[in-house]
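Here is a short briefing on one helix and the charged pairs of a protein. Please keep the sequence and the structure in view as you read.

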Amino acid sequence: MTPTRPHPAGVRTDGVALPSPSRLARLGRRDFGLIGALFLALAFVIAFGWLAEEVIEGDTAQFDLAVITALRTPGDLADPLGPPWVEEMGRDVTALGSFSFLGFLFAATAGYLLLIRKRGLALLMTAAVLGGTVVSTLLKYGIDRPRPDFPHTARVFTPGFPSGHATLATITFLTLGVLLTRVNADRRVKAYFMTLAVFLTIMVGLSRMYLGVHYPSDVLAGWCVGGAWAVLCWTVALWLQRRGEVEQPGTTQCLGPEA
């Protein structure tokens, strides 16, 4: 009878290599992260659905009007609260969420990713921004909510709910923030990038309310839609990356840092 020889660690009896314990632990953390991201996206969707229902039924009208009025000079609803330079700053900040600026930022980012041969990330950025634009536009015209009936200097061309500036700023800045976190291993730098992305997103939304072109519920809905879409796009991207790593170990991943 031939004695059984011990097999090397990480190798099955048929000679097929098994994932290392550290790799299995890493996959477990990724599974947990994907599930958490899906729940976050679902929470954003539920919050938007609740807001949309409240807006359609008119239950947010009193709150919306109170906030918008509080941001105007008493006795002159055409004048935002504060000195003229604050109003000018509000217009500058709101431009960060415009189609023009975000379009330039998107084109510059996608072009850079293509130049450094990260086609997967460029495709992700394109799907997130263009897809979010389509979703926001469909929701706007589907709900067709009028904007605040206050005099303002900003020109508007679409219905108010959800805020397109808030939606697209959330998608673009959060996606760009996540892209930047993937090229730096320092947790402090990662936190800085994401904090900056969230800060810019919030400031764009607040500027829309300050200028009187959107109700608070419009902006909140835009944040919900943009957050849900951005998280969903990244969840799909990470899921595809994980499948590639599990099914074809050792191959170059188009969405990874070294793609």
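E88 is partly exposed, because its relative accessible area is 39%. The model is predicted. A search of the whole structure finds 5 salt bridges.

**A pair within helix α3**
- E88 and R91 meet through their side chains in a salt bridge, at 2.6 Å from N to O.
- Both residues lie in helix α3 (residues 84-94), 3 residues apart, or about one turn of the helix.
- R91 also counts as partly exposed, at 29% relative accessibility.

**A buried pair and its network**
- D218 and R145 form a salt bridge through their side chains, 2.7 Å from N to O.
- D218 sits in helix α8 (residues 216-247) and R145 in the loop between α5 (119-143) and α6 (164-181), so the pair ties together parts 73 residues apart in sequence.
- D218 is buried, with a relative accessible area of 0%.
- R145 counts as buried too, at 12%.

**The start of helix α7**
- D186 caps the N-terminal end of α7: a side-chain oxygen lies 2.9 Å from the backbone nitrogen of R188.
- D186 also forms a salt bridge with R188, with the closest N and O atoms 3.2 Å apart.
- D186 is partly exposed at 28%, whereas R188 is exposed at 67%.
- Elsewhere, salt bridges that share partners join D64, R145 and D218 into one network.

- Buried residues in α7 include A197, T201, V204 and Y210.
- Just after α7, G212 takes a positive phi of about 80°.

Technical notes:
Residues are numbered from 1 along each chain as its sequence is written. This is a predicted model: local features need pLDDT of at least 70, side-chain atom pairs count only at pLDDT 80 or more; totals for chains, interfaces and linings use all residues. Side-chain values use heavy atoms; hydrogens and water are left out. Buried means under 20% relative accessible area, exposed over 50%, partly exposed in between (1.4 Å probe, protein chains only). Helices (H or I, at least four residues) and strands (E, at least two) are DSSP runs, numbered from the N terminus. A polar contact is a pair of N or O atoms within 3.5 Å; within protein, one must be able to donate a hydrogen and the other to accept it, and residues adjacent in sequence count only if both atoms are side-chain atoms. A salt bridge is a side-chain nitrogen of Lys or Arg within 4 Å of a carboxyl oxygen of Asp or Glu.
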